[in-house]
Amino acid sequence: MVKNENFEAEEMTVDISLDDGTVINCAVIAIFSVENKDYIALLPLDEDGENQDGEVWIYGYSENPDDPNEEPELTYIEDDEEYERAADAFDEYLDQCEFDEIVGDDK
């Protein structure tokens with residue numbers, strides 16, 4: 001099941017450090033759950049705050065329930081099957097957003 005934390009009021013971003021030391025700023029698209037595990041979908045941004053290719057990165061996501069002020073932890077998804085489940089759930093989220101947009105236009 002996909003849950004969306006609604007970030008429309010303000011765009012949230014996160015910096016991701018790559019293995020080569022490069023830091024990429026990413027817009028948070030959604031935080032969602034699959035089989036009781038949380039994931040985050042990120043849109044990598046260039047130096048102008050734009051995304052040219054539409055590529056989305058998906059990471060595991062966890063928060064410390066004992067300290068809500070602690071930075072959330074993002075983890076690389078190494079298992080191909082787990083990544084496919086998360087990517088499929090994100091695709092369903094996008095389909096639902098598109099459906100909601102279409103239905104909202106008819107009102």
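**Chat about the model**

Analyst: Happy to! E35 is exposed, with a relative accessible area of 62%; exposed means over 50%, buried under 20%, and partly exposed in between (1.4 Å probe, protein chains only). Please keep in mind that this is a predicted model, where local features need pLDDT of at least 70, side-chain atom pairs count only at pLDDT 80 or more, and totals for chains, interfaces and linings use all residues. Residues are numbered from 1 along each chain as its sequence is written, and side-chain values use heavy atoms, with hydrogens and water left out.

User: Thanks. Where is E35?

Analyst: E35 sits in the loop between β2 and β3 (37–44). Strands (E, at least two residues) and helices (H or I, at least four) are DSSP runs, numbered from the N terminus. The phi of E35 is positive, near 50 degrees. Most residues other than glycine have a negative phi.

User: And what about the phi of N36?

Analyst: N36 is not a glycine either, and its phi is positive at about 65 degrees. N36 lies in the loop between β2 and β3 and is exposed, at 82% relative accessibility.

User: Going back a bit, is S33 buried or exposed?

Analyst: S33 is buried, at 16% relative accessibility, and belongs to strand β2 (residues 23–34). Its side chain makes a polar contact with the side chain of D38 at 2.4 Å. A polar contact is a pair of N or O atoms within 3.5 Å; within protein, one must be able to donate a hydrogen and the other to accept it, and residues adjacent in sequence count only if both atoms are side-chain atoms.

User: Nice. What is the strand order in the sheet?

Analyst: The order is β1-β2-β3-β4-β5, an open sheet of five strands with antiparallel pairing. β1 (13–17) and β5 (73–75) are the edge strands, each pairing on one side only. Two strands pair if DSSP finds at least two bridges between them.

User: How many bridges join β3 and β4?

Analyst: Four, in the antiparallel sense, with β4 covering residues 57–62. I40 stands opposite Y59 in β4.

User: New topic: which residues does E82 touch?

Analyst: Leaving aside neighbours within four places in sequence, E82 is in contact (heavy atoms within 4.5 Å) with K37, Y39 and I77. E82 is in helix α1 (residues 80–105) and is buried, at 13% relative accessibility.
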